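Visitor: Hi there, could you walk me through the structure I have open?

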Amino acid sequence: MKTGLSRRGFLKAGAAGVAIKISLLSSATQAELIETPPRRGADWLAPGGKPKYRLDAIAKVTGGKTFTRDYRARDLEGWPKEQAHAFMLNATRVDRVFDGVDLGLLGDELKPDRLVLHKDLVADGVAMPAPWPGFYGDVFFVPKGQTARLLGQPVAMLIYHDFARYDAAKRKLRFNDKVVRYGAKGPSTTPGPYGAARYVRIDGGSPDAEDRYSALKDTTIRTGFKGNEPQWPTPGDGDAMARGMAAAAEIEREIANAGDDVLVLRRSYSTQSADASAMEADNGNVWYERGTGILHALIATQSPHEVAEMAAHMVSKSKFALQSIDLKIGYTVGYGTKDHAIFPFFCVLAGLYGDGRPVRLANDRYEQFQTALKRHAFQMDKAMVIDRKTGKFRAMTGRYRNDGGGRENFSVSVGTVGATAAQSIYYLPKSDFSAAIMSSRAVDAGSMRGYGTLQTMAATEMMVDEAAEALGLDPMEFRRRNALKSGMKNSQGAIPSGALRHDEILAKAEKHPLWVGRQTRKAEFEAANPGKKYGVGYGHVHKDYGTGAEAALCGLEFDPSGRLRLSHVAHEIGTGATTSQAVMAAAILGRQPDETEFGKVRWPQMPLETTDEPYTLSQEEEDKRMANPRWTPSFTSPMSASNSVYYLGHATREAARALVELSIWPAARSLWSRGIGGGQLAPEAVRREDLRIVRGTINAAAMQPLSFAEVAAEAHRLGLVTGVTVHSFNRWQWAEAEFDLPDAGRRRFAIDALAVKYGEGAPAERKALMKGGWHFVERASVSYPPAQRNNAGVTYYAPMATLAEIVVDTGSGEVSLLSHHSILECGNQIVPELVSGQVQGGLAMGIGHALKEYLPLYEDGPGNGTWNWNRYELPTSKDVAVWSQTSEVLPPLSETDPPKGMAEVVMIAVVPAIVNAVAHAIGKRFYTLPLTPERIREALA
């Protein structure tokens with residue numbers, strides 16, 4: 001964890017005076033994307049307010065440039081037209097020291113225009129990006145005379161001023177093991193283990209009693225290592241960690257002394273390392289303009305704010321004078337692997353050493369396998385203690401070890417999130433889950449769809465099925481007896497937010513024809529198909545969404561004609577986030593935005609200050625800092641699969657609601673009071689709760705509807721608020737603040753910062769408050785969720801269950817998926833078509849994880865540079881039952897049900913469903929993924 005100087009403070013100290021500008025590609029260079037609808041009129045939104053297509057749809061289907069990878073320097077306004085190119089040479093062994101590179105094979109004609117080595121960075125003062133020590137490792141390139149920290153670590157970068165020579169040189173050097181020279185054996189430089197955490201809970205005798213011990217009530221237990229083993233604190237009655245270890249020891253004694261009245265089931269599981277296989281490989285294009293000191297960059301990333309700040313730090317003490325960073329982002333896709341990855345900083349290096357030319361560094365697929373972030377391989381030892389009479393859990397324990405490879409990245413977070421998710425959908429009176437986050441010479445692993453929960457929850461669901469069989473209980477009934485209900489606590493001692501609807505999902509699943517008729521169909525199918533075994537399996541999970549420190553910004557404003565503009569930090573990574581933000585604004589304001597700006601991270605109207613230590617700042621320190629009306633725990637979050645609709649969408653919804661309260665409602669009342677659109681009721685009798693905004697018209701009770709343009713003109717005439725920018729923060733609960741506003745009085749919103757624009761008719765003293773067109777309203781008070789809520793781990797969940805129908809060929813060992821049905825609960829769907837797309841894509845990823853995708857970790861794995869899709873098997877349409885898959889979404893409990901982040905949970909339940917279906921088919925249980933034909937043949941032998 002971070003200690004000492006904050007990351008934000010560290011950056012200020014190391015990169016002072018560097019101006020940072022981050023933006024989506026301008027409309028001049030990306031007209032297809034930015035000017036894609038919504039437009040005026042009914043072109044984009046269908047009746048009922050639903051979009052006819054994604055915002056990026058037209059550009060994509062007509063071949064327009066949308067992804068960052070599509071662009072070259074000539075496409076970017078103000079950039080030179082000449083494009084340079086770069087590639088890297090990578091270490092394929094870690095046991096011998098790096099002794100330089102031999103480029104003799106290239107001859108004079110193909111020699112690079114610039115060769116960049118570790119010694120050059122040292123000489124020029126270029127530093128590693130350092131949000132906190134170890135995150136990205138300690139060096140970019142392997143230093144001469146040292147061993148590589150990990151397989152695939154770059155040793156050198158070759159830059160060419162033209163494409164033809166670059167391409168020819170790259171082809172000559174590929175797969176040549178003589179180019180990178182190695183010397184004598186050397187000591188390992190792979191870092192030690194990254195961290196360990198433990199979550200222990202013992203309830204108070206019933207689900208609603210106060211816990212005797214839990215992470216939320218007491219603490220999360222953390223420790224260091226001796227060798228590769230965590231050194232947990234000594235149990236005792238002293239501090240919170242000692243008491244936690246005493247509680248863990250009590251659970252262990254209960255398991256060891258269990259009698260015949262309980263079932264104690266112990267199992268070990270392992271899951272593989274996997275590649276995200278995002279169709280857009282990592283890439284970037286960087287131009288260092290030496291005369292002005294501007295670093296221009298176009299980089300595929302999910303975390304642009306971090307990339308810009310870290311780039312400033314990298315260069316701040318170097319020979320490269322840096323005045324500003326102009327970072328542009330296009331649409332991208334990465335399933336998490338473009339979030340806080342090291343690749344963007346290699347792009348920055350390429351630009352710095354490009355001799356004033358824009359340099360493009362873009363992985364091909366071999367390079368992507370060799371260097372891109374991977375899904376963590378997990379080793380899991382689990383124990384379940386179940387009362388035989390009641391069929392209810394008494395306790396569960398889990399020891400989880402994930403392999404983070406040779407750079408730490410998000411491995412600690414992935415390991416701890418996996419541990420907190422291990423209980424899956426079940427209530428546990430006693431639990432003890434620990435995570436040991438290990439390092440190795442493997443390619444580094446980081447954020448990837450599922451984020452540790454795929455591994456731990458899939459194992460729990462496999463084990464639940466086996467436990468039900470051992471107890472002689474129907475698997476659905478066993479789940480029903482133990483499923484979490486609303487108000488029950490998770491394994492950290494926190495009560496999940498909202499309604500838990502697992503019982504409804506179970507009721508639907510057990511009545512589904514796939515489940516009801518499984519035994520009859522099994523007998524009939526196998527009789528008609530000798531050598532084939534039929535099975536149906538079930539998996540039921542829920543996935544947290546959010547990080548416990550989600551922050552977002554959104555701006556909405558309109559001109560006197562009613563033209564509406566939306567600005568947002570969200571940018572597109574494939575989930576449809578930009579489309580959903582526009583839809584959410586339209587749902588509240590009654591009309592779609594006429595103009596949209598996404599990927600906006602520079603917000604001068606929000607002069608906020610932050611230590612950016614939302615997880616480690618003490619309550620005492622936070623209490624002091626929030627007395628500053630401009631302080632916030634975190635400025636903005638990177639994009640991830642499941643944070644847009646709820647967390648980023650909250651900022652959109654709050655901005656729209658604030659605009660209604662501060663402008664639309666008072667302007668409409670003003671018009672009605674002047675007899676414009678008057679109805680049977682006096683305006684004074686019209687209540688705020690009567691207000692309705694639908695399809696661009698504003699109405700209340702019997703008052704005549706007003707057009708949005710009429711109300712906008714009145715708001716400007718009165719000098720009301722005609723634009724709002726909000727900043728939101730969530731720590732498993734929303735921050736709230738009060739603001740004093742002219743004419744509106746004190747107002748409370750679920751945000752922590754607010755800036756407003758006043759209409760054209762505002763008095764001079766009000767206009768004088770606006771700096772750069774905006775008035776930052778210093779809050780009168782603020783309420784942040786307590787720092788202790790960090791120990792909650794998670795409180796927001798989206799559940800999904802999947803039934804899988806499979807056939808096993810006993811001769812070949814092949815598993816064929818005949819059909820599958822999924823049941824999802826995600827609150828109010830903003831755009832059902834986007835939800836459906838995420839369900840289908842997530843299921844395909846889960847099927848690949850269960851049956852096909854596999855990477856060896858070490859020397860024969862992707863770090864050796866020979867892996868591509870010819871070796872790494874992905875599922876295709878024939879593998880995912882593309883024509884026979886179905887899904888349903890539970891209806892929301894009410895129209896105010898918030899939407900839930902669901903883009904990660906959709907890939908998880910199908911994994912245990914398939915494994916459990918194979919067990920039903922052949923009577924053999926499996927504990928290692930993927931279920932390859934070889935493993936199945938071995939089990940059948």
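This is a predicted model: local features need pLDDT of at least 70, side-chain atom pairs count only at pLDDT 80 or more; totals for chains, interfaces and linings use all residues.

Visitor: Helices, please. At what angle do α12 and α13 pack?

Guide: Helix α12 (residues 475-482) and helix α13 (residues 502-511) pack at about 170 degrees, and their axes are 10 Å apart. That makes α12 roughly antiparallel to α13. Helices here are DSSP runs (H or I, at least four residues) and strands are E runs of at least two, numbered from the N terminus. Axes are lines fitted to C-alpha atoms, for helices over the stretch in contact, with angles from 0 to 180 degrees between N-to-C directions. Under 35 degrees counts as roughly parallel, over 145 as roughly antiparallel, 65 to 115 as roughly perpendicular and the rest as oblique.

Visitor: Which residues of α12 and α13 meet?

Guide: From α12, M476, R479 and R480 meet D503, L506, A507, A509 and E510 of α13; contact means heavy atoms within 4.5 Å. The residues of this contact divide into four nonpolar, no polar and four charged. In that scheme Ala, Val, Leu, Ile, Met, Phe, Trp, Tyr, Cys and Pro are nonpolar, Asp, Glu, Lys and Arg charged, and the others, Gly among them, polar.

Visitor: And how do α11 and α12 cross?

Guide: The axes of helix α11 (residues 453-471) and α12 come within 9 Å and cross at roughly 110 degrees, which makes α11 roughly perpendicular to α12. E461, V464, D465, A467, A468 and L471 in α11 meet P475, F478 and R479 in α12. By class, that contact has six nonpolar, no polar and three charged residues.

Visitor: New topic: how many aromatic pairs are there?

Guide: The count comes to 32. Rings of Phe, Tyr and Trp (its six-membered ring) pair if their centres lie within 6.5 Å; planes under 30 degrees apart are stacked, over 60 edge-to-face and the rest tilted. W79 and W287 have ring centres 5.9 Å apart and planes at 55 degrees, so this pair is tilted. W79 is in the loop between α3 (57-61) and β2 (84-90), while W287 is in strand β13 (residues 283-289), 208 residues apart.

Visitor: Are W79 and W287 buried or exposed?

Guide: Both W79 and W287 are buried, where buried means under 20% relative accessible area, exposed over 50% and partly exposed in between (1.4 Å probe, protein chains only).

Visitor: Which residues do ring pairs link into a cluster?

Guide: Y545, Y646, Y647, W732, W734 and Y796.

Visitor: Which ring does the charged end of R198 sit over?

Guide: The ring of W232, 5.2 Å from its centre. Likewise, the charged end of R766 sits over the ring of Y758, 5.5 Å from the ring centre. The rule asks for NZ of Lys or CZ of Arg within 6 Å of the ring centre and within 35 degrees of the ring normal.

Visitor: Last one, the backbone. Which peptide bond is cis?

Guide: The bond from L929 to P930 is cis, with omega near 0 degrees. P930 is in the loop between α22 (910-922) and α23 (933-940).

Visitor: What about phi of S424?

Guide: Phi of S424 is near 55 degrees, a positive value in a residue other than glycine. Most residues other than glycine have a negative phi. S424 lies in the loop between α10 (411-421) and β20 (430-438), and at 1% relative accessibility S424 counts as buried.

Notes
Residues are numbered from 1 along each chain as its sequence is written. Side-chain values use heavy atoms; hydrogens and water are left out.
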